[in-house]
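Colleague: I would like to learn how to read a model of this kind. Please take me through the terms and then the case at hand.

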Amino acid sequence: MRPFLSTGTAEFFVARQPRKGSTMFELRNVSRRFGNKLAVDSVTLDIPQGQMVGVIGRSGAGKSTLLRMINRLADPSSGTIHFAGTEVSKLKGRALRSWQRDCAMIFQQFNLVPRLDVLTNVMLGRLNQRSTVLSLLSVFSREERIEAIAALERLGIEQTALQMAGTLSGGQQQRVAICRALMQQPKMMLADEPIASLDPLNAKIVMDALRDINEREGITVITNLHTLDTARNYCERIIGMAAGKVVFDGKPSDLTASAVKEIYGTDKDGAGIDESMTSTSINIADPAAQAAATESAGPQPLALAGL
Ligand SMILES: Nc1ncnc2c1ncn2[C@@H]1O[C@H](COP(=O)(O)OP(=O)(O)OP(=O)(O)O)[C@@H](O)[C@H]1O
Ligand SMILES: [Mg+2]
């Protein structure tokens, strides 16, 4: 079986980040209202560069809205968001696009262009660093192609480079989405339920990849997760939300049964939430199953990819 994340190409991605812990990302009293509904209610957070943060909470707690405000897919109704001294919540035009490039986003439904090949999908991550004309023509340089292939190799799916993205399995598509995010050369990666549509094995592959990116490049990762055990296993810091508010912020070891109860509340019969109810059983030890998940469509000559 070949190694999960190849190390030979990591130099493409390393050393573009500020030092771990050096840059503070700051939210101050950030709220978002939809009509009468307060989706996010006065959230204040400091996140040092390079942290791996999991955001958990019941459906409707405000997790997606919080992430969307960070990369400005949604605007706060009030409060401020700063990154390295810049007020993100005020950015407009080119500066806003630059910020959105700096914080790549990964979605539950992958958001690839299904009728484009995988390699082009990955290179689209570079689009907003280019002139409009080059972007419109989708002209990519040899270096960009090599970098895209390196990202695919790193995620173990280079053999799919010329396949249409829509023909890939969900797990493969999410890995392509991570490659596209890497091509953005981001400072921060936001992931909104990145494993919610995946089986446990592919969920593990995707979470391992996010952890690897966090550890090797020092990219801050903030990921919404439905499952507590995944947050505990992968995140050094867990933020628990309930009804738009942060009700827990600490290490996995601080997440006691009463903290879990405060985040998830009780069921209609008044019983506390059993942690197994939010489990993905992500701990997979079977190497044969792991090999099957990294299945290959047969090696494709890279020359076909224009290299
Ligand atoms: N565009 C919108 N218009 C109106 N209400 C919205 C909008 N987006 C979110 N909401 C509401 O804001 C609240 C928080 O939604 P959000 O999607 O952030 O929750 P979530 O924690 O991500 O939930 P889930 O776990 O189901 O994804 C919900 O009550 C939701 O209905
Ligand atoms: Mg959500």
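Modeller: Helices (H or I, at least four residues) and strands (E, at least two) are DSSP runs, numbered from the N terminus. The chain here has ten helices and ten strands. This is a predicted model, in which local features need pLDDT of at least 70, side-chain atom pairs count only at pLDDT 80 or more, and totals for chains, interfaces and linings use all residues. Residues are numbered from 1 along each chain as its sequence is written, while chains are lettered from A and ligands numbered from 1 in the order in which they are written.

Colleague: How many residues of the chain count as buried?

Modeller: A residue is buried if 20 or more other C-beta atoms, placed from the backbone, lie within 10 Å of its own. By that test, 40% of the 307 residues are buried.

Colleague: Which residues of H5 are buried?

Modeller: Glu147, Ala148, Ile149, Ala150, Ala151, Leu152 and Arg154 are. Helix H5 spans residues 142-154, and what covers its buried residues includes helix H3 (118-123) and helix H6 (170-183). Just after H5, glycine 156 has a positive phi of about 75 degrees.

Colleague: What does leucine 152 touch?

Modeller: Contact means C-beta atoms, placed from the backbone, within 7 Å. Leaving out residues up to four places away in sequence, leucine 152 touches Val118, Val122, Ile157, Glu158, Ala161 and Cys179.

Colleague: Which residues surround ligand 1?

Modeller: A residue counts if its C-beta atom, placed from the backbone, lies within 6 Å of the ligand. Those around ligand 1 include Phe34, Lys37, Gly60 and Lys63. Strand S2 (37-48) and helix H1 (63-70) each give two or more residues to this shell, and H1 gives the most, with three.

Note on methods
Buried ≥ 20, exposed ≤ 12 C-beta atoms within 10 Å, placed from the backbone. Expected span 1.5 Å × (residues − 1). Contact = placed C-beta atoms within 7 Å.
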